Amino acid sequence: MRLCVLGPIEATTAGGSVNLGVRKQRLVFAVLALGANQPVTIDRLVDLVWPDDPPATARGMLHSYVSRLRAALRTAGTDRVGLARVDSGYELRCDPSWVDAHRFTTLLAEARASTLDERRLALLDRALALWRGPALAGIAPAPTWAQLCQGLEEARLAAIEDQVEVRLRLARHDRLVDELLALTGEYPHRPRLTAALMLALHRTGRTGEALRVYQVVRRRLGEELGLEPPAELRNLQVAILRGDRRAGGGTVALTDRPQAGAVPRQLPAGTTTFTGRTAQLRRLRAAHRPSAAVTTISVIDGMAGIGKTALAVHAAHQLADHFPDGQMFVDLHGFSEGVSPLEPTVALDRLLRTLGTPVERIPADTDGRAALLRTRLANRRMLIVLDNAVAESQLRPLLPGRAGCLVLVTSRQRLSGLDDAYSMSLDVLPVSDAARLFTRITGIRSPSATERAQVCTIVELCGRLPLAIRIAAARLSARPAWTPAHLVELLRDGPDRLAELRTGQRSVATAFQLSYRRLGPEARRVFRLLGLHPDRDVDVDAVVALAGRPARCVRRLLEDLVDANLLQPGRDGRYRLHDLLGEHARSLARAEGLQPARRAALIGGHRLGAAPVTPAGV
């Protein structure tokens, strides 16, 4: 019997394939197969099969799906796979080795436990050969896929990295460069793959190409995050520049097993153009209390592009000397283009490996890994940066249990549910700091009075948002014939200011869109409607008239937007929308075909005493 979830969902016996039915029924089967021999509650099945809006008949439909699956298994003539009803749900009972996902995990553990490269490579080849496409291919909604498959996908990528490492050690470079070019194109944020590509190019006599790969990565990280490449890539570049044909085999090792006792130094390099945030840095240093009875946790939140990561990394470098046992950095991908948020289980695996924990000693479950991490961090003084978090539930398992550590968290979401955490919400830069950032990036020295006025206009048109300022400055630097006056004209008179705030892979609109996608349907609708309002300051009554919803509901949705840092609370119960976010909301409204309803929306927004007006098509 074979039960396959690493690709299209299939169940096969010696007699052929089992008919698993319609898409949602196949999804139920896949969920039960992934949790083979473990009960899955009906509530969890409902949440996974209908993540957005479960119908009133969901539980009855689940019973029907399970009955049909039982019948299909009986028809296939197998009595060695059973679907059992347990107290609160269902359980698929079978030999776990029949499920390809469980077989993959077993082979991976055996490979990492092996000390012989030839055997390790053979086991990795067998494990990766089980994948016939994306896990749960084509049947799982995005939220469900993220819950069920993120850990599996991370394990697959780690296995590929392990496989590449062994092939490099065994000098099996045939076809490796082409494979790595494809992999780094698909996964540009995996430093181990990038390092492997550089190493393979260098060892096959293509050193110039290896160094160009590094420059591409450096430029991308600088444009997207204002950061330098991680230390392993910088060290590898230096080794290649020195002409070391063995680069990668000494201090720059591609390995998932840190040396026992090694002190991790994982902080990304800070940007040389970091500007301002003096008060915030002072408050972060003051929040770090070496004598505190608990771990110090500082949470930095703010809208997309506000400079959270840059501030956290800058502060971490200033505080690093206080933490002699090392510094760790994890991007949790809460708001990353094309990447699902990192599951706590996966993040814990990375942290434990960084601390030198042998793979075979890392528990399989989240609770076990969290407990082991707390044990490993006890009596250590470490600084941990957890970047780009999406929710408190993603963070809690990663927190140390005793005093002595500092955790810096960044998130676009206001995370108010972490006990004993010091919270800081970033605002846009003051005009003076914004102008200084722009001139530092562009290299403008001793600007004239006219140029200073133009720079101030530019940063105001950028909403004093660091990401927008960096993009505008990069565009001016890349066009020697342009002047600040020309950039002012583009930003002020263009039909779409956000279209001008894009360069390379950086885009203000894309950054905003990642936050917008995390909202619920009703909050997204209110955000779009705010783009049709003539003012950036609104009160609850105006939004009630725009949305046609009760005040209590509207107030809750506005607070959801505040928590997502897509709206700012103001005085006297009013709310303020950042200028560029307002443009983004308006563009979304146009894309939804709401522009014809603009007049009705505006009338509704000002006739506060009138009956609610709902724009057509909203």
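I began with S393, which I found in helix α15. The model I am reading is a predicted one. Is S393 buried or exposed? I noted a relative accessible area of 52% for S393, and I recorded the residue as exposed because the cut-off for that class is over 50%. I then looked up the separation of S393 from P344: the two lie 49 residues apart in sequence, and their C-alpha atoms are 8.3 Å apart in space.

**Second largest pocket**

I listed α6 (142–169), α15 (392–395), α21 (508–517) and α22 (521–530) as each supplying at least two lining residues. Sorted by class, the lining holds 16 nonpolar, eight polar and seven charged residues.

**Five-stranded sheet**

I traced an open sheet of five strands, ordered β8-β9-β10-β7-β11 and paired in parallel. At its edges I found β8 (327–331) and β11 (421–425), each of which pairs on one side only. Neighbouring strands of this sheet are turned against each other by 15° on average, direction ignored.

I followed the pairing of β7 (residues 296–301) with β11, which is parallel and runs over five bridges. Opposite V299 I located S423 in β11.

I then looked for helices on this sheet. Helix α12 (residues 308–319) packs on it and touches β7, β8, β9 (383–389), β10 and β11. I recorded an angle of about 165° between the directions of α12 and β10. Helix α11 (residues 278–287) lies across β7, β10 (406–411) and β11, and I noted that it runs at about 175° to β11.

**Three-stranded sheet**

I examined a further open sheet, with three strands in the order β4-β6-β5 and antiparallel pairing. Which strands stand at its edges? I identified β4 (40–41) and β5 (82–86); each has a single partner strand, so one side of each is left without a neighbour in the sheet.

Between β5 and β6 (residues 89–93) I noted antiparallel pairing over five bridges. For A84 I found E91 in β6 as the bridge partner. Helix α1 (residues 23–34) packs on this sheet, touching β4, β5 and β6. I recorded that the direction of α1 makes about 70° with that of β6.

Terms used:
Residues are numbered from 1 along each chain as its sequence is written. This is a predicted model: local features need pLDDT of at least 70, side-chain atom pairs count only at pLDDT 80 or more; totals for chains, interfaces and linings use all residues. Side-chain values use heavy atoms; hydrogens and water are left out. Helices (H or I, at least four residues) and strands (E, at least two) are DSSP runs, numbered from the N terminus. Ala, Val, Leu, Ile, Met, Phe, Trp, Tyr, Cys and Pro count as nonpolar, Asp, Glu, Lys and Arg as charged, and the others, Gly among them, as polar. Two strands pair if DSSP finds at least two bridges between them. Axes are lines fitted to C-alpha atoms, for helices over the stretch in contact, and angles run from 0 to 180 degrees between N-to-C directions. Contact means heavy atoms within 4.5 Å. Buried means under 20% relative accessible area, exposed over 50%, partly exposed in between (1.4 Å probe, protein chains only).
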